[in-house]
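I opened my notebook to look at how two chains meet. Here is what I looked up.

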Amino acid sequence: MNNKKIIGIICKDLDQELSAGEKAELDDYLASSPEVHQIYRQQALIKKHLDEGQASMIEVDFKKNILNKIAMEAYKQPQKKDNVRLVHGFLSRPVVKFGFTFFMGIFMGFLIFSFLKADFTGTSVQTNQMKGAFYDNESANNIITADVLQYDSPVATAIIKVRYSTTMVEITAELTSNEPVKCNFLFDYNNFAVLNIQNSNVNNQTTAMAAGNFIQINNMGENKFLIYLSNKNALQNNIDFKIMLNDSPIFQNSVQVNKD
Amino acid sequence: MIDKDDNELVYEVIHGSTSSFEVLIDRYQKTIFNMMLRMVNDTETAKDLTQDLFVQAYEKLGGFNFRFRFFSWIYRMALNKAIDWNRKRKPTCRLELADSQLSDTPVSNDSEIRSNLLQVAVLRLNPKYRALVLLKYYCDLSYEEIQETTGVPLKKVRSRLFIAREMLRKELIVNGFFENE
């Protein structure tokens, strides 16, 4: 016998909510078990007294006291509130709220990340401790022409213009040859370093290469190069030029820079 | 005014009618006081809590949600208030006060004795079950209305009430409720 189930059926019956099937089941229990019968009678008596509970309620009248209390609290009028609010403000829309929260979260994340990654050691590097050099158009200020070399022969012609400032040397080389010739620029790597070789007007049969202490142009046809060297110490130094045909020099000269 | 629906009265109170609030007090003060009394087991406390509840309800009426019925709103507030009060009260007081209500009223016949024994048994129920018994038999709410008031699912309301009735039966057997039956 499932006691919980029987109690349920008895209570349902007393509440007059029993189905026909359950009623038959309850009748079986009542007929077969005096114990169930006793529970039923006891529950019925409890139900009867519970139902009378309302009748035994104490009468009260607090109306005056309550209204006085309300009056003492400055008779605050309850705030009016719309029953139904169909139109919501743009900012109060959930999508705006959540979107704002989401983006603020990302922003805060970035902010925290950048603070964590920032270098707060406070070490500042002096200008003279910096490595490397910065070249710009200011580097070519007060540029002075060192020399212009010219070579003219049936094999090749060359015009080499050398200018210098305190920081850099500019070489303009205009080479013309009907056969392949090599044009070498030789210098001391303690004094100069190659910054840039600019092909101003170069055909595809011509190449140029540079190393620590020389530049070599393998020339064929008519070409123009613009070469920049860094002027490391601004002391008097020479740059040697050599034009070679089949590895035999046909022109050789040198230009002195930093003359003053 | 007397025939008006609760929610109509609430609407009028919100729009400045104090007399409508008086009608609401008339309608619910007796039930709420008696429920409070059976929840806190002390007449003076029940009086105070009932009056406070109505003042609080008046102040909060502005936020009343008209999707619900007034009785479920105020009964829920009353139950929460009583449960809060019981929670804050020192546990030692509970036993001292347990039978005080019973001894206050002189009894004359079997029915009154039984009624008092039943009240004591109700007071001894766990608040979870007691609240449901009070809503069902003192506030005269249906199972559906209890569900609306307490937020407890309908099936659970039924089963808890059956359990409560069985707990009452067992308690009443010990108290001699069924003697001379």
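**Second largest pocket**

I began with the lining of the second largest pocket, which divides into eight charged, four nonpolar and three polar residues. I kept in mind that this is a predicted model.

Next I looked up the volume: the second largest pocket holds about 340 Å³ of space. I then asked which residues are the closest to its centre. Of the 15 lining residues, they are Lys4(A), Ile7(A) and Gly8(A), together with Ser159(B) and Phe162(B). Helix H1 (3–14) of chain A and H10 of chain B are the elements that give two or more residues to this lining.

**Where chain B touches chain A**

I moved on to the interface. I found 52 residues of chain B in contact with 43 residues of chain A. The two chains bury about 4,500 Å² between them. Of that area, 61% is on carbon and sulfur atoms.

I then looked for charged pairs. How many salt bridges does the rule find across the interface of chain B and chain A? It finds five. I noted down Asp15(A) with Arg165(B), a salt bridge whose closest N and O atoms are 3.1 Å apart.

Last, I checked which elements of chain B give two or more residues to the side that touches chain A. They are helices H1 (6–14), H2 (18–40), H3 (43–60), H7 (110–123), H8 (127–138) and H10 (154–175) of chain B. H2(B) gives the largest share, 12 residues. I sorted the residues of this side of chain B into 25 nonpolar, 14 charged and 13 polar.

How values were computed
Residues are numbered from 1 along each chain as its sequence is written. Chains are lettered from A and ligands numbered from 1 in the order in which they are written. This is a predicted model: local features need pLDDT of at least 70, side-chain atom pairs count only at pLDDT 80 or more; totals for chains, interfaces and linings use all residues. Side-chain values use heavy atoms; hydrogens and water are left out. Contact means heavy atoms within 4.5 Å. Buried area is the accessible area (1.4 Å probe) that two parts lose on being put together, summed over both. A salt bridge is a side-chain nitrogen of Lys or Arg within 4 Å of a carboxyl oxygen of Asp or Glu. Helices (H or I, at least four residues) and strands (E, at least two) are DSSP runs, numbered from the N terminus. Ala, Val, Leu, Ile, Met, Phe, Trp, Tyr, Cys and Pro count as nonpolar, Asp, Glu, Lys and Arg as charged, and the others, Gly among them, as polar. On a 1 Å grid over the protein atoms alone, a cavity is a set of points where a 1.4 Å probe fits but cannot get out, and a pocket is an open set with protein on both sides within 12 Å along at least five of seven lines; lining residues have an atom within 4 Å of a point. Grid points are joined across faces, edges and corners, and a volume is the space filled by probe spheres set on the points.
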